[in-house]
Amino acid sequence: MRIPVIAGNWKMYKLRGEAERFIEELSRQITPAEGSDTLGSAPALKPEIVVCPPFTALESAVRAAQGTDIRIGAQHVFWEAEGAYTGEVSPEMLRDLGCQYVICGHSERRQYFVETDELVNRRLKAVLKAGLTPIFCLGETLTERETGVTFTVCQRQLEQGLDGLTPEQVAQVVVAYEPVWAIGTGRTATPQDAEEVIRFVRAQLSGSFGAAVGEKVRIQYGGSVKPENIKELMAQPNIDGVLVGGASLQVDSFAKIVNWRDQ
Ligand code: PGA
């Protein structure tokens with residue numbers, strides 16, 4: 001059984017005080033998720049809850065999250081451990097702060113900051129080497145979907161992003177399927193469309209790294225996730241969590257997403 005991962009990506013929002021207040025309030029609103037799922041006898045695993053503030057609010061967020069079930073992630077990282085790289089932040093620095101996750105290859109970075117598959121690959125390797133968990137984002141643009149190359153694009157991003165990783169390393173990665181046309185647009189992929197691509201990604205992982213790895217890797221959906229659609233998304237057999245942008249900025253809506261089983 002895969003433990004669900006619900007992650008919030010704050011992007012370039014929130015100052016330190018806002019981050020602290022958010023985490024304190026979120027920890028009050030999280031409901032325990034032990035017990036069983038409504039339909040079956042399978043135990044309902046408590047989800048991992050991750051919040052990814054901007055670099056400047058990471059330390060405050062880590063402090064506020066101490067003693068809670070909330071984990072903190074960064075939104076970006078450089079691949080070298082140290083050196084003359086003005087403005088960059090290394091995985092070791094993030095670990096030293098108390099971060100446990102790092103988002104790699106987000107489509108906004110691919111779109112605005114010339115993030116290629118090869119650079120995503122370097123980041124993934126460095127993040128894993130530092131003992132952090134990467135949230136590896138991939139997904140097609142609207143034109144790519146409309147021209148019928150969704151699977152080809154996702155396969156390329158997956159293969160090149162994970163190039164040279166061992167099966168043991170791949171098993172640690174959280175993959176986030178985020179169709180670019182669904183990010184920040186209010187237009188969510190249908191649960192069936194998301195499940196179809198995620199099932200494909202899992203099959204690719206099994207083919208390249210072995211069935212056990214394919215079974216183990218957690219794959220999230222991201223793109224206009226909100227309290228109104230979380231339940232249906234989480235009901236899909238291959239969707240193991242979500243990466244939430246806009247709806248993770250308000251504590252009430254993010255708490256509803258984290259507590260989706262209560263709906
Ligand atoms: P959104 O963003 O939820 O605002 O669509 C998702 C993301 O960018 O990860």
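Visitor: In which helix do Arg199 and Glu195 both lie?

Guide: This is a predicted model, where local features need pLDDT of at least 70, side-chain atom pairs count only at pLDDT 80 or more, and totals for chains, interfaces and linings use all residues. Residues are numbered from 1 along each chain as its sequence is written, and side-chain values use heavy atoms, with hydrogens and water left out. Helices are DSSP runs (H or I, at least four residues), numbered from the N terminus. Arg199 and Glu195 are 4 residues apart, about one turn of the helix, and the helix that holds both is α9 (residues 191–209).

Visitor: What is the N to O distance in the salt bridge of Arg199 and Glu195?

Guide: Side chains of opposite charge can pair when their charged atoms come close. A salt bridge here is a side-chain nitrogen of Lys or Arg within 4 Å of a carboxyl oxygen of Asp or Glu. For Arg199 and Glu195 the distance is 3.9 Å.

Visitor: Is Glu195 buried or exposed?

Guide: Buried means under 20% relative accessible area, exposed over 50%, and partly exposed in between (1.4 Å probe, protein chains only). Arg199, at 46%, counts as partly exposed. Glu195 has a relative accessibility of 4%, so it counts as buried.

Visitor: How many residues apart are Asp117 and Arg156?

Guide: The side chains of Asp117 and Arg156 meet in a salt bridge, 2.8 Å from N to O. This pair links distant parts of the chain, with Asp117 in helix α5 (residues 117–129) and Arg156 in helix α7 (residues 150–161); the separation is 39 residues.

Visitor: What is the relative accessible area of Glu140?

Guide: Glu140 forms a salt bridge with Arg145, 2.7 Å from N to O. Arg145 counts as partly exposed at 25%. Glu140 is buried, with a value of 0%.

Visitor: How far does a polar side-chain atom of His106 lie from an oxygen atom of the ligand?

Guide: A polar contact is a pair of N or O atoms within 3.5 Å. A polar backbone atom of Gly184 is 2.6 Å from an oxygen atom of the ligand. For the side-chain atom of His106, the distance to a ligand oxygen is 2.7 Å.

Conventions:
A polar contact is a pair of N or O atoms within 3.5 Å; within protein, one must be able to donate a hydrogen and the other to accept it, and residues adjacent in sequence count only if both atoms are side-chain atoms. Helices (H or I, at least four residues) and strands (E, at least two) are DSSP runs, numbered from the N terminus.
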